[in-house]
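Dear colleague,

Please find below the structure that I am handing over to you. My findings follow directly after it.

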Amino acid sequence: MRKRFALLALLIVAGFLVVIVRLADIMLVNHTRFLVKAVGQQTKKEFIPVKRGIIVDRKGRELAINLETESLYCDPAEVVSPERVASTLSRAMNNRNPDRIRAKLTAGNRFNWIERKLESGQAQRIRELKLKGIGFVPDMKRFYPKGTLASHLIGYVGIDNNGLEGIERKYDGYLSARGEKVSVQRDAKGNVLSEGTVREIRGNNIVLTIDEGLQYIVEKNLDAAMEQWKAASATAIMMDPYSGELLALASRPHFDLNNPAGVTAAQRRNRSITDCYEPGSTFKIVVGMAALEEGLVSPDTKFDCSAGSIEVGGRKIRDAHRHGVLSFKEVIQKSSNVGSIKLGLALGRDKVYQYVKKFGFGEKTGIDLTGEVSGWIRPPARWSGMSIGAISIGQEVAVTPLQVLRAYAMV
């Protein structure tokens with residue numbers, strides 16, 4: 001019995017000696033090496049999510065905001081049984097493709113995104129699973145409260161909150177800010193112990209000249225016009241003629257800003273600044289105002305349009321309806337081709353071209369949106385014999401809807 005007690009005591013003492021020797025090795029001999037290893041395991045650099053600036057209308061109503069969310073990542077080196085984890089995550093994420101998840105769980109690097117900007121409730125379901133090697137990073141999701149409203153104007157962002165279209169793209173650097181990393185200490189279960197000094201990073205806000213209420217009215221009526229005329233596309237713009245501020249701008253077809261993944265190029269196109277067309281009779285205001293400005297006519301100057309047609313450069317151009325003698329005001333009112341061409345001939349090539357340019361045609365308006373085109377008009381040296389007549393009635397010139405609206409606002 002004594003021998004048994006002596007042997008047991010010897011084993012206990014030996015065990016304590018092994019522990020003491022090991023502690024001495026960790027705490028004294030190799031202290032520095034283990035300290036560095038511990039800090040490396042416990043401390044990680046994580047990005048501070050950037051709060052992108054919000055976009056509001058002229059009355060402060062929110063058109064683009066941020067929602068706080070979380071993104072899911074994995075450390076493949078710590079994942080136990082990738083097959084089981086992939087299957088479990090797939091169910092928690094509404095039957096997401098398990099093969100795609102498994103590929104990320106078995107990749108060679110130590111950090112892989114599994115899902116960015118998790119949907120509401122998903123993060124909590126996954127967190128309750130307590131899966132080893134799976135973690136969360138705070139993230140920001142861009143949200144557009146009005147859905148499709150002003151979609152071509154506001155634009156949208158990508159998965160990393162970088163602007164891809166519209167105001168979001170044009171002012172991407174202003175709305176955003178440079179992200180920073182902060183050292184975060186976590187325990188063995190991944191719980192945050194200390195975040196150090198963390199500050200909020202925000203971009204700048206933008207106030208548009210657009211009025212949300214007017215934008216809604218314009219879009220509602222644009223939809224009605226599309227339905228009435230069975231149109232393939234349409235655009236409408238509302239401008240304050242005294243300041244040039246845009247109060248509403250809409251194009252059709254359009255799209256949901258919160259779901260841009262399946263959007264086609266035709267839906268994304270902001271036709272008010274990207275599509276050119278021959279303006280036709282709406283362009284007659286140019287030669288009309290030019291003639292008034294040059295003092296060639298007064299509002300009551302008479303024009304004989306009784307022939308119903310006029311020949312220019314070997315081509316006969318007719319009025320839609322035969323008119324008699326018209327005053328200048330009536331030429332504009334009745335949109336007479338004959339009267340407008342007579343105004344153009346009285347001005348001459350150089351003056352017509354000069355006033356077309358003064359009204360801003362053939363040049364970009366400078367609106368702060370991407371994708372604007374300039375339209376075109378050939379210089380007089382490249383005109384044919386009939387060009388002065390054609391241009392006077394809005395042919396042989398390409399314009400955008402915004403250019404036409406701006407010209408009328410000037411008048």
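A cavity, as the word is used here, is a set of grid points where a 1.4 Å probe fits but cannot get out, and its lining residues have an atom within 4 Å of such a point. Please note also that the model is a predicted one.

The structure holds one cavity of 30 Å³ or more, and the volume of the largest cavity is about 30 Å³. Its lining is formed by Thr148, Ala150, Ser151, His152, Glu219, Leu249, Ala250, Ser251, Arg252 and His254. Strand 12 (246-252) and helix 6 (151-154) each contribute at least two residues to this lining, and strand 12 has the largest share, with four residues. By class, the lining residues of the largest cavity comprise three nonpolar, five polar and two charged ones.

Among the open spaces, I would draw your attention to the second largest pocket, which has a volume of about 480 Å³. It is lined by 21 residues, and those nearest its centre are Lys117, Lys141, Ile159, Asn258 and Pro260. Strand 6 (residues 134-143) gives the most to this lining, namely three residues. Nine of the lining residues of this pocket are nonpolar, five are polar and seven are charged.

As to the overall form, the chain has 17 helices and 16 strands. Its radius of gyration is 35 Å, whereas the globule rule gives 22 Å for 411 residues; the chain is therefore more spread out than a compact globule. Taken along the principal axes, the box filled by its C-alpha atoms is roughly 140 × 40 × 40 Å. Of the 411 residues, 40% count as buried. Among contacts with a separation of 6 or more, 69% join residues 24 or more positions apart.

The largest nonpolar core has 33 residues, of which Phe283, Val286, Leu343, Val352, Val356 and Phe361 touch the most other members. Two or more residues of this core come from each of helix 12 (284-293), strand 14 (309-312), helix 13 (328-333), helix 14 (337-347), helix 15 (349-358), helix 16 (387-392) and helix 17 (401-410). Helix 12 supplies the largest share, five residues. A second, separate core has 26 residues, including Ala64, Tyr144, Val157 and Leu249. Leu249 also belongs to the lining of the largest cavity.

Beyond its neighbours within four places in sequence, Phe283 is in contact with Val356, Phe361, Ile391, Gly394, Val397 and Val399.

Helix 12 is mostly covered, with seven of its 10 residues buried: Lys284, Ile285, Val286, Val287, Gly288, Ala290 and Ala291. The elements that cover these buried residues include helix 13, helix 14, helix 15, helix 16 and helix 17. After helix 12 comes Gly295, which has a positive phi near 75 degrees.

Finally, I turn to helix 3 (residues 82-92), in which Val85, Ala86, Thr88, Leu89, Ser90 and Ala92 are buried. These buried residues pack against strand 4 (62-74), helix 4 (98-105), strand 5 (112-115), helix 5 (122-129) and strand 6. Helix 3 is followed by Asn94, with a positive phi near 60 degrees.

With kind regards

Definitions and conventions:
Residues are numbered from 1 along each chain as its sequence is written. This is a predicted model: local features need pLDDT of at least 70, side-chain atom pairs count only at pLDDT 80 or more; totals for chains, interfaces and linings use all residues. Side-chain values use heavy atoms; hydrogens and water are left out. On a 1 Å grid over the protein atoms alone, a cavity is a set of points where a 1.4 Å probe fits but cannot get out, and a pocket is an open set with protein on both sides within 12 Å along at least five of seven lines; lining residues have an atom within 4 Å of a point. Grid points are joined across faces, edges and corners, and a volume is the space filled by probe spheres set on the points. Ala, Val, Leu, Ile, Met, Phe, Trp, Tyr, Cys and Pro count as nonpolar, Asp, Glu, Lys and Arg as charged, and the others, Gly among them, as polar. A nonpolar core is a set of buried Ala, Val, Leu, Ile, Met, Phe, Trp, Tyr and Cys residues joined through side-chain atoms within 4.5 Å. Buried means under 20% relative accessible area, exposed over 50%, partly exposed in between (1.4 Å probe, protein chains only). Contact means heavy atoms within 4.5 Å. The radius of gyration is taken over C-alpha atoms; the globule rule is 2.2 Å times the number of residues to the power 0.38.
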